[in-house]
Amino acid sequence: MARLSSRITGLTPGGDDGWGLFHRARALKAAGEPVLELTIGEHDIRTDPAILSAMDAAARGGHTGYAAVPGTQALRQAVADRLTASSGIPHGPENVLVTPGGQAALFTAHNAACDAGDVALLIDPYYATYPGTIRGVGALPRPVAARPEDGFQPREADLMAAADGARSLLINSPNNPTGAVYSDATLDGIARVAEAHDLWVISDEVYDTQVWTGRHQPFAGLLGMFERTLTVGSLSKSYAMTGSRLGWVAGPAEVIEHLINLATHTTYGVPGFIQDAGLFALRQGPEAEAAIAAPFLRRRDILLDALAKQQYLRATPPAGAMYVMLDVRATGLSGMAFGEALLDEENVAVMPGESFGAAAAGHIRVALTLPDEMFAEALERLFAFAARAVEARTTA
Ligand code: PLP
């Protein structure tokens with residue numbers, strides 16, 4: 001075989017990064033084991049049939065040829081309107097590139113910000129694909145730890161200390177995996193770091209419809225930040241459209257022009273009938289988004305109630321998103337060991353904290369993605385397992 005590029009072979013470092021547990025859970029399920037799965041961020045509902053009807057009508061109506069590479073004008077306008085309303089900064093279609101999901105938007109944004117060899121900052125714990133996305137553009141990921149004792153809000157001083165020589169800073173609020181919604185103080189600190197070090201801020205806001213306490217503040221809406229912010233959004237979480245692969249990157253028109261050029265030479269856009277379905281979805285508005293988000297708040301509360309009735313595990317109550325990080329350090333187990341044994345003994349699958357970075361060690365991430373009764377059953381087993389683990393530790 002001819003030599004492969006180091007960029008592709010080095011995308012993800014070798015070894016088990018925690019996804020082994022996820023794949024094992026999936027294999028067990030496929031073999032018929034009744035595994036209760038609280039792993040990835042996938043709704044337990046499917047895309048609304050009305051959205052699928054819009055998709056079908058668009059395809060049958062002939063929108064199956066090459067679609068406009070930057071996105072259809074109507075969808076770009078609808079995304080721009082949404083961003084104008086949430087950020088208070090006027091956006092037009094020229095500020096939006098439609099992408100195949102938020103993931104492609106993250107890759108696209110880093111392409112705009114970083115040359116090969118540049119340092120790209122990210123906050124640890126992080127969404128599992130972030131380091132690979134950064135390596136994918138040839139840049140070097142530099143994680144900055146956010147601490148559990150701060151509710152996983154990154155400290156300005158830590159960011160400032162890490163930012164020397166960096167070109168970009170990737171933030172994510174509401175946050176996966178921690179559920180943190182960045183406070184005004186945190187966001188202001190990030191803005192000061194970005195200004196002091198002339199950084200691009202890549203603001204991943206795919207969970208903007210899932211906020212339980214506080215409010216979502218788009219980073220581009222902060223004073224002076226629009227010009228240095230690339231905002232990533234998606235319909236995956238807000239409209240249960242994960243499989244449709246529909247997202248966007250938004251920012252200054254001059255940057256979007258370059259990104260359209262990149263899209264022309266990579267994805268060549270997003271299927272027109274998917275974009276039409278996305279436009280139909282966005283026109284349902286905030287009420288539909290709230291209805292899709294509601295089960296996650298309910299289950300977050302089910303979890304916090306159950307947590308209050310036991311004494312071993314702790315959590316920073318998540319202010320947003322569809323996950324809860326549980327601190328399992330009292331069991332003496334790593335997140336990975338806890339997750340493996342929980343799957344073996346209780347048929348419950350979670351994600352080890354370690355798969356989201358070093359700052360999440362000793363934690364597990366519970367996705368709020370099972371119907372309420374099954375979710376409560378999974379929690380019962382999880383807390384029973386934790387109690388046994390602590391007892392075994394104290395009698396050992
Ligand atoms: N960003 C974060 C923080 C996520 O958790 C996810 C998916 O789980 C994505 C981006 C990617 O979402 P999409 O399905 O839009 O590619």
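Predicted model: local features only at pLDDT ≥ 70, side-chain atom pairs only at ≥ 80, totals over all residues.

Residues are numbered from 1 along each chain as its sequence is written, and side-chain values use heavy atoms, with hydrogens and water left out.

**Exercise 1. Describe how helix H5 and helix H9 pack.**

Step 1: Two packed helices are described by the angle between their axes and the distance between the axes.

Step 2: Find H5 at residues 101-113 and H9 at residues 253-264. Helices (H or I, at least four residues) and strands (E, at least two) are DSSP runs, numbered from the N terminus.

Step 3: The two axes come within 10 Å and cross at roughly 115°. Axes are lines fitted to C-alpha atoms, for helices over the stretch in contact, with angles from 0 to 180 degrees between N-to-C directions.

Step 4: List the partners: Thr-108, Asn-111 and Ala-112 of H5 meet Val-255, Leu-259 and Leu-262 of H9 (contact means heavy atoms within 4.5 Å).

**Exercise 2. Find the partner of Arg-298 in a salt bridge.**

Step 1: Recall the rule: a side-chain nitrogen of Lys or Arg lies within 4 Å of a carboxyl oxygen of Asp or Glu. A search of the whole structure gives 22 salt bridges.

Step 2: Arg-298 pairs with Asp-372, and their closest N and O atoms are 2.7 Å apart.

**Exercise 3. Locate two cis peptide bonds and a positive phi.**

Step 1: Most residues other than glycine have a negative phi, and most peptide bonds are trans.

Step 2: The bond from Asp-124 to Pro-125 is cis, with omega near 5°. Pro-125 sits in the loop between strand E3 (119-124) and helix H6 (130-136).

Step 3: The bond from Ser-173 to Pro-174 is also cis, with omega near -10°. Pro-174 belongs to the loop between strand E5 (166-172) and helix H8 (184-196).

Step 4: Ala-240 is not a glycine, yet has a positive phi of about 50°. Look for Ala-240 in the loop between strand E7 (229-234) and strand E8 (247-250).
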